[in-house]
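Dear colleague,

Please find below the structure that I am handing over to you.

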Amino acid sequence: MDTENLYLKIRDILVEQFDVEESSVTMDANLYEELEIDSIDAVDLLVQLKEVTGRKIAPETFKEVRTIRDVLDAIAVS
């Protein structure tokens with residue numbers, strides 16, 4: 001899955017599962033401050049991303065994630 005399609009999938013998950021406004025989801029949106037994702041939501045997001053990509057992001061790696069761009073980078077290296 002290319003970066004653009006993965007970004008769109010992440011956006012869809014955030015909108016559908018976490019009630020985030022679609023217009024708020026940008027590459028540089030901060031998951032915790034701007035999109036109001038909490039730690040439990042972050043774990044749920046990780047699980048859903050694993051289902052979509054088949055890749056597991058290590059919890060240590062995800063702790064460093066702050067933005068949508070960071071999520072995409074973490075998936076790329078996992």
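The notes below go from the overall fold to individual helices and then to single residues.

Please bear in mind throughout that this is a predicted model.

Overall fold

The protein chain contains four helices and zero strands, so that its elements, read from the N terminus, follow the order α-α-α-α. Its radius of gyration is 11 Å, close to the 12 Å that the globule rule gives for 78 residues, and the chain is therefore as compact as a globular protein of that length. Along the principal axes, the C-alpha trace spans about 25 × 25 × 20 Å.

Of the 78 residues, 37% count as buried. The chain exposes about 4,900 Å², and carbon and sulfur atoms supply 44% of that area. As for contacts between residues at least 6 apart in sequence, 53% of them join residues at least 24 apart.

Helix α2

Helix α2 covers residues 39-53.

At its start, a side-chain oxygen of Asp38 reaches to within 3.1 Å of the backbone nitrogen of Ile40. Ser39, which belongs to α2, is exposed, with a relative accessible area of 55%. After the helix comes Gly54, which has a positive phi, near 75°. Between Ser39 and Gly54, which are 15 residues apart along the chain, the C-alpha separation is 21 Å.

The buried residues of α2 are Asp41, Ala42, Leu45, Leu46, Gln48 and Leu49. The elements that cover them include α1 (3-18), α3 (59-63) and α4 (68-77).

Helix α4

In α4, the buried residues are Ile68, Val71, Leu72, Ala74 and Ile75. On which side of α4 do these residues lie? They cover an arc of only 160° around the axis, which means that they are on the same side of α4. The face turned away from this buried side carries the exposed residues Ala76 and Val77. The partners against which the buried residues of α4 pack are α1, α2 and α3.

Neighbours within four places in sequence aside, Val71 is in contact with Ile10, Leu31, Leu49, Phe62 and Val65. Leu49, itself one of the buried residues of α2, is 22 residues from Val71 in sequence, and the two C-alpha atoms are 9.6 Å apart in space.

Arg11 in helix α1

Arg11 is found in helix α1. Is this residue buried or exposed? Its relative accessible area is 19%, so Arg11 counts as buried, given that the term applies under 20%. If residues up to four places away in sequence are not counted, Arg11 touches Glu22 and Val25.

Most residues other than glycine have a negative phi. With a relative accessibility of 70%, Asp19 counts as exposed.

Glu36 is found in the loop between α1 and α2 as well. Its phi is near 55°, again a positive value in a residue other than glycine. Glu36 is exposed, and its relative accessible area is 64%.

In summary, the model shows four helices and zero strands, with the buried residues of α4 packed against α1, α2 and α3.

With kind regards

Definitions and conventions. Residues are numbered from 1 along each chain as its sequence is written. This is a predicted model: local features need pLDDT of at least 70, side-chain atom pairs count only at pLDDT 80 or more; totals for chains, interfaces and linings use all residues. Side-chain values use heavy atoms; hydrogens and water are left out. Helices (H or I, at least four residues) and strands (E, at least two) are DSSP runs, numbered from the N terminus. The expected span of a helix is 1.5 Å times one less than its number of residues. Buried means under 20% relative accessible area, exposed over 50%, partly exposed in between (1.4 Å probe, protein chains only). Contact means heavy atoms within 4.5 Å. A polar contact is a pair of N or O atoms within 3.5 Å; within protein, one must be able to donate a hydrogen and the other to accept it, and residues adjacent in sequence count only if both atoms are side-chain atoms. The radius of gyration is taken over C-alpha atoms; the globule rule is 2.2 Å times the number of residues to the power 0.38. Accessible areas come from the Shrake-Rupley method with a 1.4 Å probe; for residues, only the protein chains shown count as cover. The arc is that of the directions from the helix axis to the C-beta atoms.
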